[in-house]
Amino acid sequence: PELSSDIKRRGIYVTGGGALLRGIDKKISESLNLNVTIAEDPLNSVINGIQTLLQNFDTYSKVLISPEIDY
């Protein structure tokens, strides 16, 4: 419920090659009734995010590494 309320309030970002399709943000926005934003650099969004994660690994490790031993 918390995630869905965040998405409803803030909308979504579209990344990757599909984000470069003309009008895709408007089509998704109309279909889902959400705010849709195209990422600033959609083709490199994933690698830029990984770079940020690795540069700040100590900060993000708590949400990335499960305390569970048995998966």
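**Exercise 1. Surface**

Find the accessible surface of the protein chain and the share of carbon and sulfur atoms in it.

*Solution.* This is a predicted model. The accessible surface of the protein chain is about 6,200 Å². Carbon and sulfur atoms account for 56% of that area. Now turn to burial. Of the 71 residues in the protein chain, 11% are buried.

**Exercise 2. Overall form**

Compare the radius of gyration of the protein chain with that of a compact globule of 71 residues.

*Solution.* Start with the globule: its radius of gyration would be near 11 Å. The protein chain has 16 Å instead. Next, take the spans. Along the principal axes, the C-alpha trace covers about 45 × 30 × 20 Å.

**Exercise 3. Elements and contacts**

List the helices and strands of the protein chain in order.

*Solution.* Count first: there are 4 helices and 2 strands. Then read from the N terminus: α-β-α-β-α-α. Contacts come last. Take those between residues at least 6 apart in sequence; 46% of them join residues at least 24 apart.

**Exercise 4. Charges**

Count the charged side chains, then locate the salt bridge.

*Solution.* The protein chain carries 7 positive and 9 negative side chains. The centres of these two sets are 11 Å apart. Side chains of opposite charge can pair when their charged atoms come close. The whole structure holds 1 salt bridge. It joins R9 and D6, with the closest N and O atoms 2.7 Å apart. That is within the 4 Å cut-off.

Now place the pair. Both residues sit in helix α1 (residues 2-10), 3 residues apart, so about one helical turn separates them. R9 is exposed, at 52% relative accessible area. D6 is partly exposed, at 28%.

Definitions and conventions
Residues numbered from 1 in each chain as written. Predicted model: local features only at pLDDT ≥ 70, side-chain atom pairs only at ≥ 80, totals over all residues. Heavy atoms only, no water. Rg over C-alpha atoms; globule rule 2.2 N^0.38 Å. Buried < 20%, exposed > 50% of the residue type's maximum accessible area, 1.4 Å probe, protein only. Contact = heavy atoms within 4.5 Å. Areas by Shrake-Rupley, 256 points an atom, 1.4 Å probe, with all protein chains shown as cover. Lys, Arg positive; Asp, Glu negative; His and termini not counted. Charge placed at Lys NZ, Arg CZ, Asp CG, Glu CD.
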